[in-house]
Amino acid sequence: MKSGSFFIQILLSCLLVSAVQGQQNHLFAVNVQNQPFTHLVSELEQKSDYKFFFNSPAVDTLLVTVAAIDQSLAEILSTAFKNTDYRYAIDGNRYVYITIQDVILTELPSDFFDRTGLSSDTLPRKP
């Protein structure tokens, strides 16, 4: 009985990994010509389970032109923001963050918890 539940756990894990990989490779077809950025966002949210977060007044005047067939979300946003100060970040929860000039990091650097080579992680006490 234990081997059966172990097999089911392995199978479910494989399916989950497959589903995540499939979502990461999601390709879009969009055709937005000189439209407000919010129009592009609406179209992308309708076609996927991505959720966009941005400051509405900051994108009110942004008009975008994107004609894409079978392109990733990153490719589409890079095209939309070409020659602008707008930046985007996409995290593992399918949240998309739009900012002006500031870059958002959605994950810690790979060596963030690496404690090798550090003499101390405590600041000296002020007298």
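Modeller: A residue is called buried under 20% relative accessible area, exposed over 50%, and partly exposed in between, with a 1.4 Å probe and protein chains only. The model is a predicted one, in which local features need pLDDT of at least 70 and side-chain atom pairs count only at pLDDT 80 or more, while totals for chains, interfaces and linings use all residues. Residues are numbered from 1 along each chain as its sequence is written, and side-chain values use heavy atoms, with hydrogens and water left out.

Colleague: Into which class does E45 fall?

Modeller: E45 is partly exposed, because its relative accessibility is 24%. Helices (H or I, at least four residues) and strands (E, at least two) are DSSP runs numbered from the N terminus, and E45 belongs to helix α2. Contact means heavy atoms within 4.5 Å; leaving out residues up to four places away in sequence, E45 touches Y50, K51 and F52.

Colleague: How many bridges join β4 to β5?

Modeller: Two strands pair if DSSP finds at least two bridges between them. Here 5 bridges join β4 (residues 86-90) to β5 (residues 95-100), and the two strands run antiparallel. I90 stands opposite V96 of β5. The hairpin has 4 residues between its strands, and R94 adopts a positive phi near 70° in it.

Colleague: What does the charged end of R94 sit over?

Modeller: A charge sits over a ring if NZ of Lys or CZ of Arg is within 6 Å of the ring centre and within 35 degrees of the ring normal. The charged end of R94 sits over the ring of Y50, at 4.2 Å from its centre.

Colleague: How are aromatic pairs classified, and how many does the structure hold?

Modeller: Rings of Phe, Tyr and Trp (its six-membered ring) pair if their centres lie within 6.5 Å; planes under 30 degrees apart count as stacked, over 60 as edge-to-face and the rest as tilted. The structure holds 7 aromatic pairs. F81 and Y86 form a stacked pair, because their ring centres are 5.7 Å apart and their planes meet at 25°. F81 and Y88 are a tilted pair, with 6.3 Å from centre to centre and 40° between the planes. F81 is buried at 6% relative accessible area, whereas Y88 is partly exposed at 27%. One aromatic cluster is formed by F37, F54, F81, Y86 and Y88.

Colleague: Is T99 buried or exposed, and what does T99 contact?

Modeller: T99, in strand β5, is buried, with a relative accessible area of 17%. Apart from neighbours within four places in sequence, T99 contacts D85, Y86, R87 and I104.

Colleague: What, finally, surrounds I100?

Modeller: I100 also lies in β5 and is partly exposed at 35% relative accessible area. Not counting residues up to four places away in sequence, I100 touches A58, D85 and Y86. The C-alpha atoms of I100 and R87 are separated by 5.9 Å, although these residues are 13 apart along the chain.
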